[in-house]
Amino acid sequence: MDSALPEPSADEAAHSARLAEAIRHEIAATGPVSFARFMERCLYTPGLGYYSAGRLKFGKDGDFITAPELGALFARCVARAQAPALRACGNDAVWFELGGGSGAFARDCLLELQVLDALPRHYWLLEPSADLRERQRDRLRTDLSRDLFARCAWLDRPPQHPWSGVLFANEVLDALPITRFTLQGGEVFEEHVDVNANGAFVRVDRPADPLVAGAVRHLQRHLGREFEDGYRSEVLPQLPWWLEAIAGEQTRGAALFVDYGYVRREFYLPDRRDGTLLCHYRHRAHDDPLILPGLQDITASIDFTALAEAGIGAGFEPVTYAFQSEFLIASGLDAAFAAAYESAADEAARYALAQQVKRLTLPGEMGERFQAMSFARDLDIDALFAPLLEVDRSERL
């Protein structure tokens, strides 16, 4: 293990070893697995994967901090931006959050929507982790009124019946299992994971199947150039089908995705020769996904051009693409900050609010590294989303 990373406890090491052994058994039975499959096992294996087990992930005692964990300002701005869509969808409108983290976003969003008189009939959370579902339930049951908590429901799969409202995902796309590819002799190869003689996981490249090869050729056509031999990066060929599975039954409303990433021409810069893969373990970032299975987060940046293509393909109309800082300011960050600052209990609370704004908006923090992309279906975009249209950067896509 990288000597710069903290050593896991004995219990954590045993947990990781159990998952590693399960993956080795699969490789022994089927041969090398695609990197996407390896990442899926590391993150989502029931009871053992990073997002499926009980280890704390968010906040200062976890592995990373997301925008909702910094404080309530992020959720308040998102609620303000999407409240017009909820109202337009009528009394049966739903807020559908993918993931849900610690439950902080749901709590702060519902409280703000209550202030705005734009409460949804239901607040759905699709959370794959049984442990996180319980943490979310406990937090929301404690922090919300009985009426607000009664609106919350946890789903085991995307809705299979028509619904209208808002779909929201913060730092969800970066955790989808990614396909890693490279070029050899002009041909597309897909990265796989095998086991060496010492039982360690190692990367191997195999000829890509037609789906992966087609996705890479699409990138090259869009970029107007071919990747050089040895160039390695990521692609999400399943993104259109994933979005259709998540939002296919949404008949009316809006969808908002916030994540870190790039437009396509920046994602696949010639100098970025090993992609954007990144791992997070106890607030340390590194680039080795083959260690600590089940104990570390494995992520990759988002190709926002691909997300726009998938959204349009799923029948959505693009609304805006903007840096997170621009999106939050257009969604009332100044007013939300001023109100919170005025009601802050003391100087320490006011300082914390100022730090929260800095983390959310400064270019060197989350302000430009994170971006927001929103879509609408069967809504009057000009009337409902005028502030967001003013910061739209879709021409960069």
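Reader: Hi! How do the axes of helix 5 and helix 6 cross, and within what distance do they come?
Author: In this predicted model, the axes of helix 5 (residues 104-115) and helix 6 (residues 130-143) come within 9 Å and cross at roughly 30 degrees. That makes helix 5 roughly parallel to helix 6. Angles under 35 degrees count as roughly parallel, over 145 as roughly antiparallel, 65 to 115 as roughly perpendicular and the rest as oblique. Axes are lines fitted to C-alpha atoms, for helices over the stretch in contact, with angles from 0 to 180 degrees between N-to-C directions.

Reader: And what counts as a helix or a strand here?
Author: Both are DSSP runs numbered from the N terminus: helices are H or I with at least four residues, strands are E with at least two.

Reader: Which residues of helix 5 and helix 6 meet?
Author: Ala104, Ala106 and Arg107 in helix 5 meet Arg139, Leu140 and Asp143 in helix 6, where contact means heavy atoms within 4.5 Å. The residues of that contact divide into three nonpolar, no polar and three charged. Here Ala, Val, Leu, Ile, Met, Phe, Trp, Tyr, Cys and Pro count as nonpolar, Asp, Glu, Lys and Arg as charged, and the others, Gly among them, as polar.

Reader: Thanks! What about Gln114, where does that lie?
Author: Gln114 lies in helix 5, and at 39% relative accessibility Gln114 counts as partly exposed. Buried means under 20% relative accessible area, exposed over 50%, and partly exposed in between, with a 1.4 Å probe and protein chains only. Leaving aside neighbours within four places in sequence, Gln114 is in contact with Leu119 and Leu148.

Reader: Switching topic: which residues touch the most other members in the largest nonpolar core?
Author: Of its 54 residues, those are Phe38, Phe96, Leu98, Leu167, Leu239, Trp242 and Phe257. Apart from that core lies another, of 52 residues, among them Tyr123, Leu140, Leu148 and Ala254. A nonpolar core is a set of buried Ala, Val, Leu, Ile, Met, Phe, Trp, Tyr and Cys residues joined through side-chain atoms within 4.5 Å.

Reader: What is Leu98 in contact with?
Author: Beyond neighbours within four places in sequence, Leu98 is in contact with Leu126, Leu167, Phe168, Ala169, Val172, Trp242 and Ile246.

Reader: Nice. Is Thr305 buried or exposed?
Author: Thr305 is buried, with a relative accessible area of 4%. Thr305 lies in helix 11 (residues 304-313) and touches His222, Tyr262, Val263, Arg264 and Leu397, not counting residues up to four places away in sequence.

Reader: And Ser325, what does that touch?
Author: Not counting residues up to four places away in sequence, Ser325 touches Leu360, Thr361 and Gly367. Ser325 is found in helix 12 (residues 324-330) and counts as buried at 11% relative accessibility.

Reader: One more: where is Asp378, and what is its phi?
Author: Asp378 is found in the loop between strand 16 (370-377) and helix 15 (381-384). Asp378 has a positive phi of about 60 degrees although it is not a glycine, and at 58% relative accessibility Asp378 counts as exposed. Most residues other than glycine have a negative phi.

Reader: Last thing, how are residues numbered, and what pLDDT do local features need?
Author: Residues are numbered from 1 along each chain as its sequence is written. Local features need pLDDT of at least 70 and side-chain atom pairs count only at pLDDT 80 or more, while totals for chains, interfaces and linings use all residues, and side-chain values use heavy atoms, with hydrogens and water left out.
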